[in-house]
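Work through the exercises below with the sequence and the model at hand. Each task is followed by a solution in steps.

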Amino acid sequence: MNYELPKVIVEAREVTKRFPGVLALDRVSLRIISGQVNALVGENGAGKSTLMNILSGVYTDYEGDVLVDGEVQHFHSVTDAQQKGIAIIHQELSNVPYMNIAENMFMGREPMTRFGLVDHQRMHREARQWLDRLHLGVDTHTLMNDLRVGQQQLVEIAKALMLQARVLIMDEPTSSLTDNETDILFALIEELKSQGVGIVYISHKMDEVWRLADFVTIMRDGQLIAERQLKATVPDGSPATTPDGSPSGIITPDEIVQLMVGRERKEFFVKEEHPLGDTMLQVEHLTWKDAAHPGRNILTDISLSVRSGEVLGLYGLMGAGRTELFEAIFGLHPKEVTGSLMIDGKPLPQRGVGGGFPIHHPEEAVACGLALCPEDRKREGLVLGMTIEKNTTLAALIECLTNGLLDGKKERHHADSYREKLGIKSTSVLQQAGQLSGGNQQKIVLGKWLMTKPKVLLLDEPTRGIDIHAKNEIYRLINQLAAEGMAIIVVSSELPEIMALSDRIMTLREGCVGDTFERQNFDDKQILKASLPQ
């Protein structure tokens, strides 16, 4: 029996998109097929998100054609695209922080009672049903601002699933999810495929691409580089073909990476060994009491140390307390945190009753030689509407003063210096931070904190949502800073990343320290086991 080609639901033909001074897309074509996953891969700046924004009605000014069921469409809004069955889950979260979960999920589509009022009861009931599919057991009355980034990501996914679209575009949907949450999402994707939904899956994670996708579309510098099959046979056992029916060879992960970045994988990051110095940071018996639930702790009796030149990796599942530990050390919760701290061999005096933590404000943390690059760079790490220059100098303005006044020449000099050192790709330091790719934005955050000349650098998910090449640039920078004697603690949800970067890995589970592994004893199964709740 001959295998019939699945139906093409949405097609982009020769789509071109220009921004002032930039050709973002150059005659790119792409197909979205019923019941299949098209993995769309490429470095940041390759044009992936731009193309998806056209297909989902975000960008309405472009050249070329978008077809739905073989008919040319021109969407004037996201609503137009949704009415044709196209939904998108953006990489960058688009929620309203001070509205609750249900209000965010139904925003612009609020159900009404027969009296013309918003039916809040129905909103919360239906929101609960969709969140349950993703196993997110959070009260739907919770404000979005009170959720962690990964939980916010799950709400965005649930919001898109509610639309029951024929085409679902997922832009880095697992960038903030735990392994368990990722497995739940993947099971949902398989269910959606069986229902005939066409899926575009944008990811920098090759293991996800290999696990999920039926075929892969590779982009580089705004152009279509290749469209290749990922499975050897189709359901009836016939040889695989590309979406247009032509024969297809099976592409390998190394070939995908080489086509994406124009270089072989062997050129990528390899950790360099270097001698470690004295203990630079030592935390003893840190406990964070949960003010909202008397008798409970968010963190319990955490002790750790990191030496000069060492990269300490912190690994744990969502809710294990990784981000909370950084916040506690950095002085963001002085009333609830107790414990002792030593920096560069010098113990800091405890403050307050009952062994209060020595640091009570981020300004004090910076003065002590600490720097924290937060998980959410857009909300907590950068001021997107400000220039690279202003963002870079924001945490160390004292370095830019002359006679007590801000010196524009000094500010420009420092910003240019870090732009060059970190390889930030921009027209100049006067370009707005919000106009850059995720990888370059992350470099600005790093530059801002490096300008404070820290002794200890805390990195919370430093490569979240950035491409393979940008990740390797960040890896090399971390390795270089450690070689220069800086003590570094890295939090990452990606176990291979933590194992590649770290000299030592400490696991966290349910706010407590798990096991610690030296580099020569790294074992992914044992590390994962040590991070699971008891």
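**Exercise 1. Compare the span of helix H15 with its expected span, and decide how enclosed the helix is.**

Solution. The model is a predicted one.
Step 1. Helix H15 holds 16 residues, and from its first C-alpha to its last it reaches 23 Å. At 1.5 Å a residue, 22 Å is expected, and the span of H15 is close to that.
Step 2. Of the 16 residues of H15, 12 are buried, so the helix is largely enclosed by the rest of the structure. Among the buried residues are Ile468, Ile474, Leu477, Ile478 and Leu481, and also Lys471 and Asn472.
Step 3. After H15 comes glycine 485, which has a positive phi near 105°.

**Exercise 2. Give the strand order of the open sheet with 6 strands, and find its edges.**

Solution. 
Step 1. The order is E6-E7-E8-E3-E9-E10, with mixed pairing.
Step 2. Strands E6 (86-89) and E10 (223-229) each have a single partner strand, so one side of each is left without a neighbour in the sheet. These two strands are the edges.
Step 3. On average, neighbouring strands of this sheet are turned by 15° against each other, direction ignored.
Step 4. E6 and strand E7 (residues 167-171) run parallel and are joined by 4 bridges. Isoleucine 86 has valine 167 in E7 as its bridge partner.
Step 5. Helix H5 (residues 149-162) packs on the sheet and touches E6 and E7. The direction of H5 makes about 180° with that of E6.

**Exercise 3. Work out how strand E21 is placed: buried or exposed, and joined to which strands?**

Solution. 
Step 1. In strand E21 (residues 504-509), 6 of the 6 residues are buried, so the strand is largely enclosed by the rest of the structure.
Step 2. Arg504, Met506 and Leu508 point one way from E21, while Ile505, Thr507 and Arg509 point the other way. The residues on both sides are buried, the arginines Arg504 and Arg509 included.
Step 3. Strand E13 (residues 311-315) runs parallel to E21 and is joined to it by 4 bridges. Here tyrosine 315 stands opposite threonine 507.
Step 4. Strand E22 (residues 512-518) runs antiparallel to E21, with 5 bridges between them. Arginine 504 stands opposite glutamate 518 in E22.
Step 5. E21 and E22 make a hairpin with 2 residues between them. In the turn, glutamate 510 has a positive phi of about 50°.

Conventions
Residues are numbered from 1 along each chain as its sequence is written. This is a predicted model: local features need pLDDT of at least 70, side-chain atom pairs count only at pLDDT 80 or more; totals for chains, interfaces and linings use all residues. Side-chain values use heavy atoms; hydrogens and water are left out. Two strands pair if DSSP finds at least two bridges between them. Axes are lines fitted to C-alpha atoms, for helices over the stretch in contact, and angles run from 0 to 180 degrees between N-to-C directions. Contact means heavy atoms within 4.5 Å. Buried means under 20% relative accessible area, exposed over 50%, partly exposed in between (1.4 Å probe, protein chains only). The expected span of a helix is 1.5 Å times one less than its number of residues.
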